[in-house]
Amino acid sequence: MIDIIDLTVVYPDGTKALDNINLSAKKGERIAIIGVNGAGKSTLLLSIVGVVPISTGSIGVDSCNVTKKTLPEIRKMVGMVFQNPDDQLFMTKVYDDVAFAPRNYGMTEGEVASRVESSLESLGITHLKERAPHRLSGGEKRRVAIAGVLAMEPSVILLDEPTSFLDPRSRKMLIETLAELPHTQIIATHDLDMVQELCQRVIVLKDGVIQADDTAEIVLADKKMLEELAII
Amino acid sequence: MPSLFSAGADIRSMESLAEGDSVIHRLPPMAKLVTTLVYVVMVVSFNRYNLSGLIPYAVYPIILISLSQTPYNMLLKRLVIAMPFALFGGAANIFFDRDVAFTIASIAVTYGVVSFLSIMMKTVLTVATVLILISTTRISDISDSLVRLKVPPLFVLSLMMTYRYISVLLEEAGTMYTAYSLRSPNVKGVKIGDMGVFVGQLMIRSLDRAERIYAAMKCRGFNSIYHAGDSQTVGVRYIACVCGALLVLRFINLSELVGNGVLR
């Protein structure tokens, strides 16, 4: 599904954000990426969708390599949910926001409507479709942001800190929703409780380098390593 | 600075009004947009000395206000904001255009006064009608109608995003101001000395946000084109009736006709 080989990302100011990352994700797998702030979690997600350019190495999604030419195709297969829903929801009506991607991909209005309906329905937020996104609660905004990504019918979903800004109830509901989605999910997070509930596999990053890549049980049980890496 | 919060509340109150359910709210957005545009063009097209011709035009916004149940005080509050611009522009006419137009009870009324009143009236009528349009139609519907009227989609998208992110920017400025005021208990507003840093920080935050928004848009296939939704009904009959009436009133001075009839 996703194959990352020897990926290195260097920012224009010379900062090495990711250093020789090797990682592959299978269909339907839920992988957590954990690490302190600045470890490279968000950069890794952004490089998969081509927002951050790759310096060396390669990223493949369903045997399609991430290059400038293939970006529209890659972004159709890989949906990204940003950390702050306000950065993602910019249309003035929920319906239009969820319809944004299908319309950009040139679908007919009938197709757009059916995609919007089904993604809103799968998240239980059909009643919000006429509302203004900026007037929703944090939990509702997050669900609308995910619906906007689901409307592209991607095979992989990348989520950047999905539980941040959420109250306990909204957080719980979101975790339940994510658990029901059949998509491959890569989740960058600090929320270890969520990782335990949701993810089969955990990758630990420090200064852009993978420190551990194992099952959630094994990684989360290694308190010594997590403490050394300042994760707990 | 507390006005930042009230500005945010103002935007929200306008949005709530647009969600209403009256005869005017239920009219097709395209019909409301077209008639408002025609109304504005008609009002502005009057000669600056033709005050009497403008009077019948006041009926249209009054009808809209009563049918849509738009609160008068909300309209007046916003009209007051627009008035100083017209006031300064129009006041100059009083000093430069001193020829006598007519006399009322031996008081000479100059052409300058007439044109001043005409400018004020045009401002009130046009601003009020646009405000009624905004308070009875959702911004997304107005945007879709604009695209159908062949306004460049990129311009419409910029308009929508500006509108959408004004509230986000106000929130950001509000949060910064709260943090600032909590650490400056004896200062009212932001000190002049700190204003540069305050505005600079707000700008940097806005740029950061703009970059994140653009990345999020690209991730969902954005290619600089705004795609409008399903085609809405146009409301041809409403447009024809209102625009017809406006056109008739533009070329027949109803006030003069009524006045002459009464005098006879």
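Student: Which domains of chain B each give at least three residues to the lining of the second largest pocket?
Tutor: Domain 1 (20–137 + 232–255) and domain 2 (153–219) of chain B do; the bounds come from an automatic or database domain assignment. This is a predicted model, where local features need pLDDT of at least 70, side-chain atom pairs count only at pLDDT 80 or more, and totals for chains, interfaces and linings use all residues, while side-chain values use heavy atoms without hydrogens or water. Residues count from 1 along each chain as written, with chains lettered from A and ligands numbered from 1 in written order.

Student: How much space lies in that second largest pocket?
Tutor: About 480 Å³. A pocket is an open set of points on a 1 Å grid where a 1.4 Å probe fits, with protein on both sides within 12 Å along at least five of seven lines.

Student: Which residues are closest to its centre?
Tutor: Met14(B), Val130(B), Ile134(B), Ile139(B) and Tyr163(B), out of 20 lining residues. Lining means an atom within 4 Å of a point.

Student: Which element gives the most to that lining?
Tutor: α7(B), with five residues. Helices are DSSP runs (H or I, at least four residues); strands are E, at least two.

Student: What classes make up that lining?
Tutor: 17 nonpolar residues, one polar and two charged.

Student: New topic. How much space lies in the largest pocket?
Tutor: About 870 Å³. It has 36 lining residues, and those closest to its centre include Tyr11(A), Ser42(A) and Arg212(B).

Student: Where does the largest share of its lining come from?
Tutor: From α10(B), with six residues. By class, the largest pocket's lining has 15 nonpolar, 10 polar and 11 charged residues.

Notes: Points joined across faces, edges and corners; volume = space filled by probe spheres on them. Nonpolar A, V, L, I, M, F, W, Y, C, P; charged D, E, K, R; others polar.
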